[in-house]
Amino acid sequence: MTTKFRMDDDSVVVIVGSGAGGGTLATQLALKGVKVVCLEAGARHEIEDFINDEWASFGQLAWTDMRMTSGSWRVSRNFANLPAWIVKSVGGSTTHWAGASLRFQEHEFKTKSVYGEVKGANLLDWPVTLKEMEPWYAMAEDRMGVTRTNGIPGLPGNNNFKVMEYGAKKIGYSMVHTGNMAINSQPRDGRAACQQIGFCFQGCKSGAKWSTLYAELPKGEKTGNLEVRSQCHVYKIEHDNSGKVTGVVYYDKDGKSQRQKARVVAVAGNSIETPRLLLLSASGKFSKGLANSSDQVGRNYMRHMTGSVYASFDRPVKMWRGTTMAGIIQDEAKHDPKRGFVGGYEMETLSLGVPFMAAFLDPGSWGREFTTGMEAYENMAGMWLVGEDMPQATNRITLHDKAKDKHGLPVANVHFDDHPNDIKMRDHAYARGMAVYEAAGATRFFPTTPYPSTHNLGTCRMAAKPEDGVVNAYGRSHDIKNLFISDGSQFTTGAAENPTLTIVALALRQADHIVSLMSKREI
Amino acid sequence: MEQVIRFTPQKPARREFIRASVAASVVVSAGALMNSSEAWALELKALKPETARTLIQLARDIYPHDRIATKYYAVAIKGMDAKAAGDAKFKAMLEKGVADLNGRAKKAHQRAHYESVGWEIDRVKILKSVEKTPFFQAIRGDLVVSLYNQKEVWPVFGYEGESASKGGYINRGFNDLTWL
């Protein structure tokens with residue numbers, strides 16, 4: 001019997017979103033005895049529903065509701081209504097993520113102090129340090145079963161990794177391994193070991209990859225303290241005259257508007273929908289949107305400096321076989337301004353199947369230059385380049401002035417321009433990625449443009465001072481004491497690493513904080 | 001994807017054979033396109049058969065894969081025909097776009113049809129002159145999915161598709177590369 005809370009039960013914590021942030025927070029609060037209603041816009045697709053087919057899976061899992069784009073980024077030209085490749089399904093983007101689980105480096109929590117003034121960048125130190133985060137990282141790694149932590153062995157390297165490792169070592173890189181992956185290399189936590197299926201992005205059919213869908217939420221539901229309500233799209237957070245939030249209104253699966261009361265509201269809708277919801281919740285009292293006295297809601301949108309390098313060889317690689325991202329070079333992740341940019345980047349194995357390779361290898365291109373590349377597919381190796389991008393106040397989520405969703409609400413517009421530092425870093429990363437493959441005997445290179453964003457960060461950033469950001473060091477709104485942000489929107493800056501581990505660590509820490517505030521009756 | 005090509009035995013009926021060698025085996029016959037060498041016919045809902053014939057060549061010129069049979073390009077065009085059947089504006093765009101291609105073929109090469117221009121390089125020159133048009137972009141944008149998403153063409157690229165039902169690659173060569 002699944003728990004059901006009443007709509008007028010104002011003792012519950014309402015969490016919007018069930019991904020890395022929301023799903024973890026919901027489960028952890030439930031385990032600690034707090035009553036939680038987790039509202040998820042998407043449907044519940046379980047492991048057996050996942051499809052080893054890129055477009056079919058995209059149709060099943062991806063967030064394909066209308067969005068708009070602007071700015072000089074190429075995504076806006078090639079994929080004008082698809083700024084981000086993220087998920088609308090229970091488990092959020094933890095169904096789709098690759099599993100790379102890296103801690104941030106110490107300096108990445110204090111970029112303004114370490115990098116200094118970077119023209120056009122809105123850098124700021126986090127109000128939290130690596131030292132403070134370490135126990136939470138440790139808890140997250142244990143919970144997620146991250147390889148190379150807690151005595152868990154690394155995953156075996158696949159063919160794609162072999163090529164990258166060979167080239168990397170040949171050009172002198174030393175920090176090369178099969179990654180810190182939240183993918184079981186051996187059975188753990190009631191979940192199987194990785195079967196090297198190769199469709200990590202389409203939902204893991206073996207359950208070896210950590211996802212809130214099956215590794216967290218069911219544990220919370222088992223306590224009787226958590227109700228996960230799927231196909232419930234929250235469109236407004238309500239508040240009382242004192243400025244405290246009182247609940248949310250949402251469209252249920254039949255399109256009917258419902259009101260769920262709440263003691264606390266935590267928003268974890270990913271960095272596009274989270275600020276959109278705050279902006280949609282504008283009221284007489286909060287005319288610029290909720291939690292927005294700083295005017296920072298929606299600003300400083302970050303998506304990581306990304307790009308890919310594919311290379312073809314004279315013999316087969318079959319890069320699609322096996323764990324997609326179990327391979328990393330970390331030598332360039334450091335901050336070394338001698339390279340001509342601040343911050344660093346990771347190089348991680350990546351592959352796409354033929355359908356997505358066709359769409360993303362060089363969007364819009366055609367003719368034999370393109371098709372001969374596609375015909376080299378079997379002999380290709382691939383890596384993803386992911387590094388710290390600069391927060392900019394003008395990179396921003398806003399409500400579009402014309403486009404509306406199916407409920408008649410303004411859709412999000414995602415505006416993005418690369419910062420010169422992003423471009424310098426990308427050029428450096430392309431060159432180094434190609435050097436790796438050249439050393440392994442590559443016959444042709446494909447320095448591939450960034451895909452629609454998978455790492456969406458920073459649009460409700462943490463700041464020590466209320467005027468600099470939206471939330472405090474615990475993700476609590478500076479303006480509204482019982483409103484929290486629980487996803488990557490909180491990130492003050494982006495760091496070089498894949499964000500999920502940090503989102504989970506912050507959610508675990510936030511859960512403790514919320515319980516403490518509740519027990520002290522501060523919320 | 002459902003099988004959308006109807007395979008038919010060859011009919012010895014009246015046929016308008018196309019002169020150029022590139023499409024010599026494709027003939028137009030009462031609302032359908034027939035390909036004698038590959039033994040298939042494409043029944044059309046909205047587009048003129050001549051239009052579909054040009055679009056099939058256009059599709060191959062946009063994404064030329066010499067090891068992919070014409071019927072897979074025809075499958076992609078069949079999807080566009082189905083869309084045209086329910087969308088008069090789209091249909092008009094395709095018919096007009098093809099008429100424009102034929103006009104350019106006539107002007108540059110004195111051929112009545114785009115697909116009658118013999119050399120690919122000459123047809124590509126025509127396409128370069130229209131690649132910014134909504135017509136070309138719509139065809140290319142559709143094809144990049146409707147061609148490459150056909151499982152039947154994946155073996156040409158070596159791609160193996162679904163693997164979970166086979167137990168993944170843990171015992172099937174995820175790390176079988178030995179040439180390094």
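Residues are numbered from 1 along each chain as its sequence is written, with chains lettered from A and ligands numbered from 1 in the order in which they are written. Because the model is predicted, local features need pLDDT of at least 70 and side-chain atom pairs count only at pLDDT 80 or more, while totals for chains, interfaces and linings use all residues.

Helices (H or I, at least four residues) and strands (E, at least two) are DSSP runs, numbered from the N terminus. In chain A, strand 12 (residues 345–349) is largely enclosed by the rest of the structure, because five of its five residues are buried (20 or more other C-beta atoms within 10 Å of the residue's own, with C-beta atoms placed from the backbone). In a regular strand, side chains alternate between the two faces of the sheet. On one side of strand 12 of chain A lie A:Tyr345, A:Met347 and A:Thr349, and on the other A:Glu346 and A:Glu348, all buried. Strand 12 of chain A runs antiparallel to strand 11 (residues 328–329) of chain A, joined by two bridges, and antiparallel to strand 13 (residues 380–387) of chain A, joined by five bridges. A:Glu348 is the bridge partner of A:Ile328, and A:Trp384 in strand 13 of chain A is the bridge partner of A:Glu348.

Two packed helices are described by the angle between their axes and the distance between the axes. Axes are lines fitted to C-alpha atoms, for helices over the stretch in contact, and angles run from 0 to 180 degrees between N-to-C directions. Helix 1 (residues 20–31) and helix 7 (residues 212–222) of chain A have axes that come within 7 Å and cross at roughly 25°. That makes helix 1 of chain A roughly parallel to helix 7 of chain A (angles under 35 degrees). Among the residues that meet there are A:Ala20 and A:Gly23 in helix 1 of chain A and A:Thr212 and A:Glu216 in helix 7 of chain A.

Helix 6 (residues 159–170) and helix 11 (residues 420–439) of chain A pack at an angle of about 100°, with their axes 7 Å apart. That makes helix 6 of chain A roughly perpendicular to helix 11 of chain A (65 to 115 degrees).

Between the chains, 28 residues of chain B are in contact with 36 residues of chain A (C-beta atoms, placed from the backbone, within 7 Å). Helix 5 (134–146) and helix 6 (154–157) of chain B each supply at least two residues of the side of chain B that touches chain A. The largest share, three residues, comes from helix 5 of chain B.

Methods
Parallel < 35°, antiparallel > 145°, perpendicular 65-115°, else oblique. Contact = placed C-beta atoms within 7 Å. Buried ≥ 20, exposed ≤ 12 C-beta atoms within 10 Å, placed from the backbone. Pairing = 2+ DSSP bridges.
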